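Open the model in your viewer and show it as a cartoon.

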Amino acid sequence: MNIGWIGTGIMGGAMCERLLEKGYSCTVFNRTRQRAEKLLQKGARWADSPREVAKTCDLVFTMVGYPHDVEEVILHPETGVLRGFRENHAAEKIVVDMTTSRPSLAVRIAEKAAAENVFSLDAPVSGGDIGARSGTLSIMVGGEPKIFEELMPIWNILGKTVVFQGKPGAGQHTKMVNQILIAGNMLGMCEALRYGQAVGLDLENVLSSVATGAAGSWSLSHLAPRILQNDFAPGFKIRHFLKDLKIALEEAHAVSLPLPTVQLAAQLYERLSQAGLAEEGTQALFLDGHNGTP
């Protein structure tokens with residue numbers, strides 16, 4: 001199977017690399033070709049547009065930044081994936097968007113794909129750069145259950161926890177649940193570390209006590225040690241998490257649901273973004289109030 005992969009950033013690049021290592025043939029596209037060079041050196045083929053990817057690949061994954069990017073690479077009338085699929089005469093064609101995006105966009109893509117006799121899945125992930133490299137992501141999938149099952153060999157290369165959530169958009173809604181949980185977790189973790197720092201505790205000793213108890217979490221185990229090393233490099237960038245929080249707030253507003261913790265998290269991350277830290281990892285929330293320094 002020749003797989004198409006669009007978006008070769010921190011997450012997408014690592015995920016596509018795993019498929020290459022497992023022997024899959026991959027054709028890739030990224031807006032900046034330089035960011036795909038590592039994959040090309042490992043045997044991936046280059047295409048000049050999403051359309052060109054879809055012309056030769058029956059299965060195309062997208063892992064890009066924002067909903068407008070998803071819309072452009074899949075739905076653009078001249079250069080998008082669905083346009084390319086029209087020139088591909090395979091019996092079955094599938095597009096899988098793994099970007100965290102708007103549930104409503106996932107529904108629209110599914111409708112437009114169906115009109116072109118193409119199957120569409122929304123399959124956002126959680127687990128950050130570590131999960132992408134190690135193949136331990138949590139993958140949340142919405143769309144056609146038959147196609148979900150058909151792709152299980154690939155899911156098992158990319159993730160450890162793979163769950164079918166329901167109709168188109170259900171994967172994206174589940175990812176919003178995930179991001180809401182993380183928002184509260186990040187606030188609590190950073191405040192806790194700041195408290196420990198303020199009262200003079202040895203934070204490494206503190207982590208050895210609390211990380212495996214009731215307060216334990218993925219963020220505490222993986223991001224708190226980075227904070228202690230003043231390592232704010234992105235496994236997941238602030239600008240992308242802020243995008244996710246804004247989507248969650250939009251979706252909650254649509255069903256008249258207040259999310260005060262998410263609102264506060266979005267305000268704090270927006271402040272960091274305006275301070276020039278949008279490209280840092282989400283753990284840089286610890287720097288809020290430190291004027292951008294540890």
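Axes here are lines fitted to C-alpha atoms, for helices over the stretch in contact, and angles run from 0 to 180 degrees between N-to-C directions. Helices are DSSP runs (H or I, at least four residues), numbered from the N terminus. The model is predicted: local features need pLDDT of at least 70, side-chain atom pairs count only at pLDDT 80 or more, and totals for chains, interfaces and linings use all residues. Residues are numbered from 1 along each chain as its sequence is written, and side-chain values use heavy atoms, without hydrogens and water.

**Stop 1: H10.** Select residues 170-198, helix H10. H10 spans 42 Å from first to last C-alpha over its 29 residues, close to the 42 Å expected at 1.5 Å a residue (1.5 Å times one less than the number of residues). Now click Gly200, which follows H10 and has a positive phi, near 85°.

**Stop 2: H14.** Show side chains in contact (heavy atoms within 4.5 Å). From H10, pick His173, Met176, Gln179, Ile180, Ile182 and Ala183; from H14, Phe241, Asp244, Leu245, Ile247, Ala248 and Glu251.

**Stop 3: H15.** The axes of H10 and H15 come within 9 Å and cross at roughly 65°. Ile180, Ala183, Gly184, Met186 and Leu187 of H10 meet Thr261, Val262, Leu264, Ala265, Leu268 and Tyr269 of H15.

How values were computed. Helix = DSSP H or I, 4+ residues; strand = E, 2+ residues; numbered from the N terminus.
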